[in-house]
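Open the model in your viewer and keep the sequence panel beside it. The stops below are given in the order in which to select them.

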Amino acid sequence: MNKTISDIAQMAGVAKSTVSRFLNGGSVSEDTRQKIERIIRQYNYVPNTFAQSLKAKKTSIIGTVVPRLDSFATSQTLIGIDEELRSNQYQMLIANTSQDMQREIDAIYDFARQKVSGIILLAAEVTEAHLKAVEDIGIPVLLVGQQHEQLHSLVHNDDQAGYEMGRYVVEQGHRKIVYMGVSEKDRAVGIYRKQGFQRAIAECGGCEVKYYETSFKMSEAIVTAEAILKEITPTIIVGATDNIALGVMKIAFSNKIRIPQDLSVTGFGGYDITEMIHPTLTTVKYHYLQAGKVAANHIIRLVKGESVEERTTLDVELIPRESVDKL
């Protein structure tokens with residue numbers, strides 16, 4: 001059975017407050033310190049920092065709300081958040097909402113009831129319900145991956161990512177182009193990324209571009225891509241995410257369409273898998289790990305009452321690889 005502070009105090013023959021003072025780095029006599037340390041080592045006592053934080057006026061816990069866990073972008077961002085929080089003596093609690101909007105709102109209120117110091121919110125869209133929840137709880141909230149004028153935001157440069165990919169596609173000689181995007185409810189991917197791409201295409205002229213909508217799920221991208229390839233024969237398909245691009249590649253292979261000889265494919269994200277498959281995938285790399293570290297740093301500063309810019313934009317990087325043929 002795990003020992004409590006009360007157990008440690010009783011065995012050491014001291015008050016519970018003395019053990020608490022010792023655990024929090026306070027001053028105790030040398031004899032008391034040795035007794036407490038000996039008992040802690042003997043029973044492998046680990047302080048319940050969560051319970052301690054709930055009793056404190058200010059906790060060292062940051063809540064993080066994520067739409068899904070089975071995502072490279074999410075997992076890398078969470079690793080960055082965790083590493084930075086730990087280095088600053090903070091801890092992270094995660095609420096996975098499985099892309100359920102109501103669960104996302106509930107998680108914000110739940111974290112506030114658990115007295116977290118701040119919340120990092122990885123949301124696909126920001127609604128009035130989100131804004132009301134943030135106003136109601138009265139603790140710092142940082143939005144990651146999306147932007148809103150009423151919230152502190154950390155975003156990737158989606159417009160620039162789309163623009164650089166568009167320029168690259170036309171520079172490689174492609175004029176018969178398909179762009180597979182996602183719902184505009186996700187403003188970062190569904191709007192800004194596509195707008196950047198459209199801007200580059202407009203500068204070129206002479207391109208025939210068809211825009212389609214699918215979802216973030218690879219399985220749905222496969223179905224959409226199959227329907228597209230039955231209808232038209234583009235020279236390149238640009239997927240709004242690496243997962244979409246991988247879905248295109250899968251259906252192409254199934255139909256014996258050679259990549260890049262018969263069809264070029266690109267994505268966005270820079271997932272690790274994209275440089276391991278054959279052919280390797282041309283993509284725009286997003287620095288998710290860095291985003292997590294910056295997000296953690298910003299939420300800590302907000303918790304401490306320090307100033308943080310309203311919007312921080314991280315750079316992206318085009319990575320040309322084997323999946324695009326030069327015409």
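Which element supplies the largest share of the lining of the largest cavity? S6 does, with 3 residues. This is a predicted model, in which local features need pLDDT of at least 70 and side-chain atom pairs count only at pLDDT 80 or more, while totals for chains, interfaces and linings use all residues. Residues are numbered from 1 along each chain as its sequence is written, and side-chain values use heavy atoms, with hydrogens and water left out.

**Stop 1: the cavity**

Select Lys176, Ile177, Val178, Glu208, Lys210, Ile232 and Pro234, which line the largest cavity. A cavity is a set of points, on a 1 Å grid over the protein atoms alone, where a 1.4 Å probe fits but cannot get out; lining residues have an atom within 4 Å of a point. The structure holds 1 cavity of 30 Å³ or more, and the volume of the largest is about 30 Å³, taken as the space filled by probe spheres set on the points, which are joined across faces, edges and corners. At least two lining residues come from each of S6 and strand S7 (208–213); helices (H or I, at least four residues) and strands (E, at least two) are DSSP runs numbered from the N terminus. The lining has 4 nonpolar, no polar and 3 charged residues. In this scheme Ala, Val, Leu, Ile, Met, Phe, Trp, Tyr, Cys and Pro count as nonpolar, Asp, Glu, Lys and Arg as charged, and the others, Gly among them, as polar.

**Stop 2: the largest core**

Next select Met180, Phe197, Val238 and Val265, which touch the most other members of the largest nonpolar core, a set of 42 residues. Such a core consists of buried Ala, Val, Leu, Ile, Met, Phe, Trp, Tyr and Cys residues joined through side-chain atoms within 4.5 Å; buried means under 20% relative accessible area, exposed over 50%, and partly exposed in between (1.4 Å probe, protein chains only). Elements that each supply at least two residues include helix H8 (158–171), strand S6 (176–181) and helix H9 (187–204). H11 gives the largest share, 7 residues. Apart from this core lies another, of 21 residues, among them Val66, Leu78, Leu122 and Ala296.

Centre on valine 265. Leaving out residues up to four places away in sequence, its contacts (heavy atoms within 4.5 Å) include Ile236, Ala245, Leu281 and Val324.

**Stop 3: the cysteines**

The structure holds 0 disulfides, a disulfide being a pair of cysteine sulfur atoms within 2.5 Å. Cysteine 204 is partly exposed at 30% relative accessibility, and cysteine 207 is partly exposed at 21%.

**Stop 4: the largest pocket**

Move to Pro67, Gln99, Ala124, Asp186 and Phe216, which lie nearest the centre of the largest pocket, among 39 lining residues. A pocket is an open set of grid points with protein on both sides within 12 Å along at least five of seven lines. About 940 Å³ of space lies in this one. Helix H5 (72–87), helix H6 (101–113) and H9 each give two or more residues to the lining, and H5 gives the largest share, 4 residues. By class, the lining divides into 16 nonpolar, 13 polar and 10 charged residues.

**Stop 5: leucine 69**

Finish in the loop between strand S1 (61–66) and H5, where leucine 69 lies. Leucine 69 is partly exposed, at 47% relative accessibility. Beyond four places in sequence, leucine 69 touches Leu78, Ile94 and Asn96.
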